[in-house]
Amino acid sequence: MPRKRLFALIVWSAALASTGAMADVPPAPVDAERPRAAAPGDVDEAAKRRVLEQFRTVRVPLGQAMATAERLHEGSRAADISFEVSSQAVYRVRTIKKERVWENVIDANTGIVSQAEIASSLKELDREDLANIVALKWIKQELSDAVRVAEKAAEGNALAGGLVKQNGKLNFVVIVASGGHLKEVMLEPPKVGALQR
């Protein structure tokens, strides 16, 4: 999955929220009494509500979709994942192993692969994606670990996650649906040296 899709979810959740490690995005109030033209913020809020409504009805959690994608290529690791709503609710998962990258679409209700796999080489990635993938090779923590921590901290279910570089630091960013809100959780992976002690 292109990094831009993950960022779209992150920006989307953070657009109306304050900065910080965790940000709530409350649902927009509905004003049924006065019809008016939709402002850009209203469109964003409507899109958020639609995604949250769809996400609440899915039967397959994000962690299960990640595990399904990783099993398709033994020894691969999930690099990023996002929940998407089009004609059906799906998770788009990108996994890596050595010099290969695979993108799979997992049906969010059945847990099965629902579209043809896209395979590529690390050489085909843009510079930023390549840097994150290379960094992921040196991190002991898995994206699934970050998802579990984020879900517990935000008391909800993850709908997107990935590795991003912000202000020179590498972090896992996980978007969690908690009630009617989206929460962005940033987790700094433990340093390799710290894990060896």
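Modeller: pLDDT is the predictor's confidence in each residue, on a scale from 0 to 100. It matters here since the model is predicted. Among the elements of the chain, helix H3 (residues 62–71) has the highest mean pLDDT, 98. Strand S1 (residues 24–25) has the lowest, 40. Over residues 1–5 the pLDDT is below 50, yet this stretch has 19 contacts in the model beyond near neighbours in sequence. Residues 9–38 also stay under 50. For them the model has 56 contacts beyond four places in sequence. Across the chain the average pLDDT is 80, and 75% of the residues score at least 70.

Now the setting. The chain has six helices and eight strands. From the N terminus on, they run α-β-α-α-β-β-β-β-α-α-β-β-β-α. Of the 197 residues, 45% are buried. The chain exposes about 10800 Å², and carbon and sulfur atoms supply 53% of that area. Take the contacts between residues at least 6 apart in sequence: 54% of them join residues at least 24 apart.

The largest nonpolar core has 44 residues. Met66, Ile81, Phe83, Tyr91 and Phe172 touch the most other members. Strand S7 (residues 169–178) gives the most to this core, with six residues.

The part I pick is helix H5, residues 143–154. Start with its length. At 1.5 Å a residue, its 12 residues should span 16 Å.

Next, its faces. Leu143, Ala146, Val147, Ala150 and Ala154 are buried in H5. Seen down the helix axis, the buried residues fall within an arc of 100 degrees, and therefore they line one face of H5. Arg148 and Lys152 sit on the other side of H5 and are exposed.

What does the buried face meet? The buried residues of H5 pack against H3, strand S2 (77–85), strand S6 (157–166), S7 and strand S8 (181–187).

Leu187 lies in strand S8. Its relative accessible area is 18%; the cut-off for buried is under 20%, so Leu187 counts as buried. Leaving out residues up to four places away in sequence, Leu187 touches Ala146, Val149, Ala150, Asn171 and Phe172. Two of these names have come up already among the buried residues of H5: Ala146 and Ala150. Phe172 was named among the core members with the most contacts to other members. Asn171 is 16 residues from Leu187 in sequence, but their C-alpha atoms are 5.4 Å apart in space.

Last, the end of the helix. H5 is followed by Glu155. This residue lies in the loop between H5 and S6. Most residues other than glycine have a negative phi. Glu155 is not a glycine, yet its phi is positive, about 55 degrees. Its relative accessibility is 67%; exposed means over 50%, so Glu155 counts as exposed.

Asn167 is in the loop between S6 and S7. Asn167 is not a glycine either, and its phi is positive at about 55 degrees. With a relative accessible area of 75%, Asn167 is exposed.

Note on methods
Residues are numbered from 1 along each chain as its sequence is written. This is a predicted model: local features need pLDDT of at least 70, side-chain atom pairs count only at pLDDT 80 or more; totals for chains, interfaces and linings use all residues. Side-chain values use heavy atoms; hydrogens and water are left out. Helices (H or I, at least four residues) and strands (E, at least two) are DSSP runs, numbered from the N terminus. Contact means heavy atoms within 4.5 Å. A nonpolar core is a set of buried Ala, Val, Leu, Ile, Met, Phe, Trp, Tyr and Cys residues joined through side-chain atoms within 4.5 Å. Buried means under 20% relative accessible area, exposed over 50%, partly exposed in between (1.4 Å probe, protein chains only). Accessible areas come from the Shrake-Rupley method with a 1.4 Å probe; for residues, only the protein chains shown count as cover. The expected span of a helix is 1.5 Å times one less than its number of residues. The arc is that of the directions from the helix axis to the C-beta atoms.
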